[in-house]
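User: Can you take me through the helix packing and the aromatic rings in this one?

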Amino acid sequence: MDKDVSAGSATTTVVGRLALGITLLAFGLGHTDVIDGVTATDAVSIAQYVGGVALFVAGLLAFRDGDSVSGTAFSALGALWFTWAVSADHQVSANAAGLFLLLFALVALSLTLAGGDQLAQGTYGLFFVSLVLLAIGVFADNDGLAKVGGWFAVAAGAVAWYAATAALAHWPTVLPRRAAGRGVTATG
């Protein structure tokens, strides 16, 4: 392939964020019980193909484009979503399920602390909180924590979706910052 022709990391990032956003929204809404009869298990197909395969491929393309932050995020999350989806039919103990969620949370925490733009950090930070709450909910057999964790996943999905849509629609993607000392007047 000609090195001058590239999918471009901006395009790869948009695709990855859309895939992550859709997966998080489906996963999170399934935990909230806000839609009658829809559970997290109903998100397995989306998690396997959109969150797993598509996100993993977006990660590989980001690596090819030299974007190691998005490449790491998308390929790691893609592998984790795929693992969650293919093991959803297997019976495991509550402790094993909680441990998986905590390990998944560590990945989200690493991605949050890795830097990058504000929307990516917001997405990964909200996802981290979601996974910690879901894990504690599993360990404690507390459906209330699982619902709250689901809402954090929905929020993370909404931020990821916004980030992708904003890039395509040329909407703002950063919060304005005040200049240091601005707005403070000296009194004499």
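Predicted model: local features only at pLDDT ≥ 70, side-chain atom pairs only at ≥ 80, totals over all residues.

User: At what angle do α4 and α5 pack?

Analyst: About 165 degrees, with the axes of helix α4 (residues 94-113) and helix α5 (residues 118-140) 8 Å apart. Therefore α4 and α5 are roughly antiparallel (angles over 145 degrees count as that).

User: And what kinds of residues make the contact of α4 with α5?

Analyst: The contact has 19 nonpolar, five polar and no charged residues. Asp, Glu, Lys and Arg count as charged, Ala, Val, Leu, Ile, Met, Phe, Trp, Tyr, Cys and Pro as nonpolar, and the others, Gly among them, as polar.

User: Now the rings. How many aromatic pairs are there?

Analyst: Eight aromatic pairs, a pair being Phe, Tyr or Trp rings (for Trp, the six-membered ring) with centres within 6.5 Å. One of them is W81 with F104, edge-to-face at 5.4 Å centre to centre and 70 degrees between the planes (edge-to-face means over 60 degrees).

User: Which helices hold W81 and F104?

Analyst: W81 is in helix α3 (residues 68-86) and F104 in helix α4, so the pair ties together parts 23 residues apart in sequence.

User: Is W81 buried or exposed?

Analyst: W81 is buried, at 0% relative accessible area (buried means under 20%, with a 1.4 Å probe and protein chains only). F104 is buried too, at 2%.

User: Which residues do ring pairs link into a cluster?

Analyst: F27, W81, W84, F100, F104 and F127.

Notes: Residues numbered from 1 in each chain as written. Heavy atoms only, no water. Axes fitted to C-alpha atoms, helices over the stretch in contact; angles between N-to-C directions. Helix = DSSP H or I, 4+ residues; strand = E, 2+ residues; numbered from the N terminus. Parallel < 35°, antiparallel > 145°, perpendicular 65-115°, else oblique. Phe/Tyr/Trp six-rings, centres within 6.5 Å; stacked < 30°, edge-to-face > 60°. Buried < 20%, exposed > 50% of the residue type's maximum accessible area, 1.4 Å probe, protein only.
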